[in-house]
Amino acid sequence: MEERYQPKTIEEKWQRIWEENKTFRVTEDVGKPKYYVLEMFPYPSGRIHMGHVRVYAIGDVLARFKRMRGYNVLHPMGWDAFGLPAENAAIERGIHPAKWTMENIGYMRDQLRKMGISYDWDREIATCDPEYYRWEQLIFIRMLERGLAYRKRSTVNWCPSCQTVLANEQVESGRCWRCESEVTKRDIDGWFFKITSYAEELLDWCDRLTGWPERVITMQKNWIGRSEGAEFDLPVVGHPGLTVRVFTTRPDTVFGMTYAVLAPDHPLVDRLVTAADEKAEVERFRAEVLKQSEQERIAEDRPKRGLRLSARVVNPFNGREIPLFIADYVLMIYGTGAIMAVPGEDQRDWDFAKAYGLDIIETVKRPLNWTGEAYTADGVKINSGFLDGLTVAEAKRRAIDWLVERGFGEGKVNYRLRDWGISRQRYWGAPIPVMYCDACGMVPEKEENLPVVLPHDVEISGKGGSPLAGHPAFVSAECPRCGGQARRETDTMDTFVESSWYFLRYCSPHYNKGMVAPDAAAYWMPVDQYIGGIEHAVLHLLYARFYTKVLRDLGLVNVDEPFKALLSQGMVVKDGAKMSKSKGNVVSDDVIREKYGADTGRLFELFAGPPEKDLEWSDQGVEGGYRFLTRLWRFTFQHRDILVAARSNVAQNELSADIRNLYRLIHRTIKKVTEDIEERFHFNTAIAAVMELFNALSASAQDESGLEGGAPVIKAGLETIIVLLYPFVPHVTSELWEALNHKAALDGVAWPDYSAAALEEEQLLIVVQVNGKIRSKITVPADVTQERIETEALADPKVMGFLNGKKVQRIVHVPRRLVNIVVEG
């Protein structure tokens, strides 16, 4: 190899070697500890840019590092291949989703190989493969049998342009997140997974996920949204037998109820509103509310809007009639879709009461000099009838007892979490394995007939719902129960279903007797380190946790949680915005790789900042990474002959003081890099430490006597640098390792250990203060006593000038660093 750094040639060479040798192929080995590292698999949208590279580079550092540490590492890759973009591409470009998807997979696979990511490509999967989704169809049937999958009519967000249902999170300011069309509401039949049956367990396990970021845990807890309180009835005035069922977490505040609120889409609204003019007002208000997302409606920092109805309700605790409203901040999906309002103790209700001129009654005694608005802290009950004098906790229990004794209500636990709607009225997804028979009703497909394969000969227009409905050969089927004529379900599954178990399939991707081979799942699961963006903090992660627990209860896996630890990497930002095709600010991975090499791109993204923080793209930073690798390359070839010939071991007493310091720096660097990768994921500071060592190495080599006398240490330092950098820049380090005449490839080299003895300093630099001000510095042997340090500090000429015969009152020590001489006056 020439002394000029040629990344393209080097990288092609080592990628070919890794592929030919199956270097990263892995099987179960009970004799070694396992480590399963996984980046969230990508949607094959066409091209990987530098905004994507970061997550793969992070995963590769951990995979290579753990392999060097003696672990049996599983590091797979696959494709989240179903989804709406492929169908939209078919409409826009006249290319079938399958063809578009597979072409993109081919291109992206080639990009990942050229990055040098250490994947076991023998385990590659694509979720659009019938041999993949057949198993989730089987699990659907198992869930159907156990009541965990069911069909019901519900009101959904509907995008008229995409012709599909949208999750609440996909509605932004009343518009579709993808095409920005105005979203409408529609009642349709759809399939749901009963995730609410696992709400309590999902919440309980949040506190056991100690390897997850606290931010993500908080988001999961808030999404599940456990609330403990009471449900009870408010009779409607003038409508005997008609009541409004409300839920509250503060039953102690019932005597402060001054109004009640229904969600705008609550079914009681249409029963209570009969006059034509009031109906028109209600419809106008509903239309305005529909333009807002649920997140916008419940946001604390926005004004609350409502409409007062002519109907009134009665507070059962004191018999008082109170007004009834519909308001945007009350959601039908939470609790009962109706609330009692207590503005004295709820800030949201206080804001609304002030806006609409409603009474505010305080039911908890305020502290002295209280000047706030709603009071939400603990205290003694006032203005609360039989609850007066009780604490808030006591009053909650007493109020619930009162409701139960009179049959007005009950204690209740509610969750914000709703069942998971999995139906999609689109083509490019996994078929739902049920059919409808006039004689038998809804019937699941026979297991031996799975998979229900998605047909490819369809016409995709993007209009009028799923194209499957217009495919007679797919729709027409034989009833598995009676043998009569039946029609297949034409909805397909939400793509979150595929991504809720793909990590299991990697354990045994070619197993044909079930979703996962039991022995393989028992060995590899759970995933030890999962890596992905914060945008997946709720839905994907929550669904994957739920699905894993279902599989556990079905006897297919023996773990409670899929991911032991989670790293949510920050975004790559360019020109003030997240790097993305839609923003037009992407930097092509191909361009960076062709100009600087894959190692340079990896090095920049790992060095530019901690992985959990956003990274600001910098062309200068990329240039700097390339210059560093070029310097390392030149240094190695410039001194190769001397270093190859140098002894591998040398006694420290044979070394000069400068070379002994270099020896200590080598071991300090090993210690820091090991801890930065293993304990903190501070890849940027790990790389910085290696660069610092390289600078010291270069300085020592420039001194001719240092290179001659210290060649063994300089050789050890260079080899240490190459090994420590290998997880970050595997191509160039592999080439340099070979250039130093090592017969075994760097891929099989163990991670270096540091010597604790080598970390010890021979001399210490002690700062000397007088009355807290630095007056001098002294150098002492590392094994010196405290008394000797005091003696030398007091005898130091600079210090003596500040003592000037004054009485020393005491001497304060900071071991190995500082002494402070405190004198009178």
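**Figure 1. Tyrosine 36 and its surroundings.** Setting aside residues up to four places away in sequence, Tyr36 touches Leu74, Pro76, Phe503, Tyr506, Cys507, Trp524, Met525, Pro526, Val527, Asp528 and Gln529; a contact here is heavy atoms within 4.5 Å. This is a predicted model, so local features need pLDDT of at least 70 and side-chain atom pairs count only at pLDDT 80 or more, while totals for chains, interfaces and linings use all residues. Residues are numbered from 1 along each chain as its sequence is written, and side-chain values use heavy atoms, with hydrogens and water left out.

**Figure 2. The largest nonpolar core.** This core has 182 residues, and those touching the most other members are Tyr36, Phe140, Phe193, Tyr502, Phe503 and Ile677. Helix α2 (residues 50-68) is the top contributor, giving 11 residues. Another core, of 37 residues, lies apart from it, with Phe232, Leu242, Phe255 and Ala311 among its members. A nonpolar core is a set of buried Ala, Val, Leu, Ile, Met, Phe, Trp, Tyr and Cys residues joined through side-chain atoms within 4.5 Å. Buried means under 20% relative accessible area, exposed over 50%, and partly exposed in between (1.4 Å probe, protein chains only). In soluble globular proteins, nonpolar side chains tend to be buried together. Over the protein chain, 55% of the 825 residues are buried.

**Figure 3. Where α2 meets α19.** Helix α2 packs against helix α19 (residues 598-607) at about 90 degrees, and their axes are 9 Å apart. That angle makes the two helices, α2 and α19, roughly perpendicular, a label used for 65 to 115 degrees (under 35 is roughly parallel, over 145 roughly antiparallel, the rest oblique). Axes are lines fitted to C-alpha atoms, for helices over the stretch in contact, and angles run from 0 to 180 degrees between N-to-C directions. On the α2 side the contact is made by Met50, Val53, Arg54, Ala57, Ile58, Asp60, Val61 and Arg64; α19 brings Gly601, Arg602, Glu605 and Leu606. Helices (H or I, at least four residues) and strands (E, at least two) are DSSP runs, numbered from the N terminus.

Figure 4. Strand β10 (residues 226-235) is joined to β16 by seven bridges, and Phe232 has Gly409 in β16 as its bridge partner.

**Figure 5. Strand β19 and its two partners.** In β19 (residues 434-437), Val434 and Tyr436 point one way, Met435 and Cys437 point the other, and all are buried. In a regular strand the side chains alternate between the two faces of the sheet. β19 and β20 make a hairpin with three residues between them. Their antiparallel pairing runs over four bridges, with β20 covering residues 441-444, and Met435 sits opposite Val443 in β20. β19 is also joined by three bridges to strand β22 (residues 485-488), again antiparallel; here Tyr436 has Arg487 as its bridge partner.

**Figure 6. Glutamine 292 in its loop.** Gln292 lies in the loop between α9 (276-290) and α10 (294-298). Gln292 is buried, with a relative accessible area of 15%. Leaving aside neighbours within four places in sequence, Gln292 is in contact with Gly174, Arg297, Arg302, Arg305 and Asp328.

Key
Pairing = 2+ DSSP bridges.
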